[in-house]
Amino acid sequence: MTTALAITCTLKPSPASSSSDLIARHILDALAEQGVEGDVVRAVDHDIKPGVERDMGDGDEWPAILERIQAADILVITTPTWLGHMSSVAQRVLERLDAEVSETDDRGRPSMLGKVAMCGVVGNEDGAHKIIADMFGALNDIGFTIAGQGSTYWNDEAMGGRDYKDLDAVPEPVDKTTHAAARNAAHLARVLSEKAFPAYE
């Protein structure tokens, strides 16, 4: 069974409604249509210490989240847009994942090599393309593989004020993009599970 973990990087703790959480669930729904089981973690609900180590000590809840990432085939990160950038929570998740750059398996391969990454961005201002580029650049450095068209996003019109969660329905182009991203990511995850990257030895 192919599995996915979505980390939503809203600034709003549960149970507040969140556009980032909603688009993560839409991505997981689309992945489910491809036979992928998924779950959601709202990062801000956990004490994720600042730093670039796997475990930052007393009270750090990142190690438990990392275990769930390690167990999944697909990592989905969703973030709101703030001042044209990803949220500070998303940045912290990437900083904690940076520890994996130096972690390798018994064949010398990066610990996240063979896992697929997806990205979802929402916002009532522009910035989605830059955020996706920054997110995928970081995740690629860490070792994740990016499927073609493996992201989805919704931004309101310039100077707008609506949120994704307040829409009456998901716009058709966004829905089609979400489903295409899920289809491509699920396919890639299965390919990589059947034929792993070569050893670095």
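**The pocket and its surroundings**

Mentor: Strand β3 supplies three residues to the lining of the largest pocket, the largest share. The model is predicted: local features need pLDDT of at least 70 and side-chain atom pairs 80 or more, while totals for chains, interfaces and linings use all residues. Numbering starts from 1 along each chain as its sequence is written, and side-chain values use heavy atoms, without hydrogens or water. The pocket (an open set of points on a 1 Å grid where a 1.4 Å probe fits, with protein on both sides within 12 Å along at least five of seven lines; lining residues have an atom within 4 Å of a point) has a volume of about 240 Å³, taken as the space filled by probe spheres on the joined points. It is lined by 16 residues, with K12, S19, P80, W82 and D163 closest to the centre. Two or more lining residues come from each of α1 (19-32), β3 (74-82) and β5 (116-123), as DSSP runs of at least four residues for helices and two for strands.

D21 is buried at 10% relative accessible area (buried is under 20%, exposed over 50%, partly exposed in between), whereas R25 is partly exposed at 41%.

Elsewhere, E100 pairs with R54 at 2.7 Å. E100 lies in the loop between α3 (88-97) and β5, and R54 sits 46 residues away in the loop between β2 (37-42) and α2 (62-71). E100 is buried at 0%; R54 is partly exposed at 28%. E103 joins these two in a salt-bridge network.

How values were computed:
Buried < 20%, exposed > 50% of the residue type's maximum accessible area, 1.4 Å probe, protein only. Salt bridge = Lys/Arg side-chain N within 4 Å of Asp/Glu carboxyl O.
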